[in-house]
Amino acid sequence: MPESPAEPRATALKDVHENAGATLVDFAGWLMPLRYASETAEHKAVREAAGLFDLSHMGEIRVSGPDAAAVMDHAFVGFLSKVKVGRARYTMITGTDGGVLDDLIVYRLGEDEYLAVANAANADVVAAAMAERAEGFDARVEDESAQYSLIALQGPRSAEILAPLTDADLGEIRYYAGYEHTVAGVPVLLARTGYTGEDGFEIFVEPAEKAPEIWTALAEQGSGLGLVPAGLSARDTLRLEAGMPLYGQELSSDLTPYDAGLGRVVKLEKETFVGRDALEEASRTTRPRRLIGLVSRGRRPLRKDQQVLRDGEPVGTVTSGAPSPTLGRPIAMAYVDGELDTATGAFTVDVRGRAEAVDVVELPFYRRDT
Amino acid sequence: MSVPTELGYTAKHEWVVVEDGIATVGITSFAAESLGDIVFVEVPEVGTEVTADEPAGEVESTKSVSDIYSPVSGEVVEINESLEDSPEAINSTPFGDGWLFRVRVSEEPTGLLSAEEYTKLTEGEE
C-alpha cells in the first residue's frame, strides 16, 4: 500500500491504541494499529480465544429510499433485492468493463435501507460510483464513513465475551446477519460477520466517538478469557489462512470476478446492472483460473508476486504469502490456469532466485470446527 | 528497551562485541521491534568471508525482508544454529540468545557507535 501524501486520519480509538503500546502505521490514508506486541501471539489468540480489532478505516455507505433495493441491484453484481432484512451478503462492484472496483459486505437494514461496507482504499471510489448509479432512482446514497467506528470481536470466545454486554440474544444472530442492538449501553449495528475464519462479531458504532466506551468494556470483559487487541498484521494472516481474498492482492480493477474465480457472485439473471454486458461476455470467454493454496516445505516466507513453477516451468504467481502461525509453515495463495494439473509434478516458488519446494493444497488452509 | 553499554552499534541496527579477536554480531532490540515477529534468518556459512558494511544475510518477519550488514570484516567461524528452529529468540533476547554469527576479525572495526550515540539515533527514528 503506497503511503498517502496527506497526514493519515486517526480513528476514534487512536489514544486507546497508543496506550496499549500499538505500532501505528499509515494504511490506506488511516493511522492504524499494525500490531500491539507480537502479531503471532495476536493471531493465535484469535484462533484460540478472541481478538479485538479496530476497523474504523472501512467505508460505510448507506442507501435509503423507496428505490434502495433497485439501486443496489443496479450498482452491484449480486441480487441484493433478494437479501432478507437483517441479513448480509458478500458482493462486488465492477466498472462497465467488468473490472472489480471493490469487494464488500452489504447489510440489509430495512426494506428500503442498506449499508455497504467498502475497503478503506476504495471507499471514495465506491461511494462515488454508487451515487452516480443511483441517479434517476428515488433513493439517497450517503457516505457515512466518517460517522462510523467499526470494532470487530473475533474468535471462539467472542459470544461468551459479548453476551453480558449486549441486549441481543446472540444465539438468535446467525452468521451473516446483523441487527440494531446495544453493546455496553450504546446503540450499534451488531453483525455476525468477520474476516478471520472464526466466529465473531462486527460492531458498527455511530457516532464514531462512542467506540472507546465499547472497546474498553469488551477489553475488560475479555481480559480473563484470553482476549487481546489485534492489529492489521494478524488480520492479514488470519484471512490468508481462511483463504479469503484481499482487494489489491487477489482482486483488482484489471480482473473480472471470473478472472478471480469468483464468478459465482455475479448474478447474470438480473436483466440490467452496471458491467453486465462485459461480465456476460467474460462468463463465456474467460479461461478459468483457479486460486490454489501453497504450503512451503521450507521456512523462508512466501510473498506476493513471486513466481510459481511446476517442474521448473512458470505456471502462476503468488497473490498473498505469509508465515502461517497455525500451520507453523509459510503459506501462499496463487493464481494458476484452471486446467493445470496440480496433482502431479514438483511445485516450487521462486523466492529471490531460490526454488523453495511447496505442496499444493485445497483452500482454505484453516477451517474452524463447527 | 535499554541498550547494553558494553556493545558497539551500527547505524543499520546491528550490534557487535569483540573478544580475543572474535566478534559476535546481532541485531538490536530496536531493529527487532521494528520488524515484528522474526520468522526466518539467513546468516553466512562458517568459512565465508564477510566485509564490513556489506550485506551478510537476511532476517524475515511476518511482513518484511531486511538485509543484515556485517559490522566487521573477517571469516565467519560460528553461526547461531538454534535460530533455524527458534528465530523468535531475536525478538525475545536480541542482545543474548538472538546473536547471529561470529567472525574472526581481520582488522579492528571502525566507526562503531557507542550505546549512547546509538540510543540518540534511534530516538530520532521513532
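Visitor: In what order do the strands of the open sheet in chain B stand, and is their pairing parallel or antiparallel?

Guide: Please keep in mind that this is a predicted model. As a general idea, strands of a sheet pair through backbone hydrogen bonds, in either the parallel or the antiparallel sense. In chain B, six strands form an open sheet in the order S1-S2-S3-S9-S8-S5, and the pairing is antiparallel. Strand S1 (8-9) and strand S5 (49-50) of chain B are at the edges, where each has a single partner strand, so one side of each is left without a neighbour in the sheet.

Visitor: How many bridges join strand S2 and strand S3 of chain B?

Guide: Strand S2 (residues 14-19) and strand S3 (residues 22-27) of chain B are paired over six bridges, in the antiparallel sense. For one of these strands' residues, B:Glu14, the bridge partner in S3(B) is B:Ile27.

Visitor: Which domains does the assignment give for chain A?

Guide: The assignment gives domain 1 (9-56 + 148-241), domain 2 (59-139) and domain 3 (287-370) of chain A.

Visitor: How many residues does each chain bring to the contact between chain A and chain B?

Guide: Chain B brings seven residues and chain A brings 11 residues; on the side of chain B, these divide into two nonpolar, two polar and three charged.

Conventions. Residues are numbered from 1 along each chain as its sequence is written. Chains are lettered from A and ligands numbered from 1 in the order in which they are written. This is a predicted model: local features need pLDDT of at least 70, side-chain atom pairs count only at pLDDT 80 or more; totals for chains, interfaces and linings use all residues. Domain bounds come from an automatic or database domain assignment. Two residues are in contact if their C-beta atoms, placed from the backbone, lie within 7 Å. Ala, Val, Leu, Ile, Met, Phe, Trp, Tyr, Cys and Pro count as nonpolar, Asp, Glu, Lys and Arg as charged, and the others, Gly among them, as polar. Two strands pair if DSSP finds at least two bridges between them. Helices (H or I, at least four residues) and strands (E, at least two) are DSSP runs, numbered from the N terminus.
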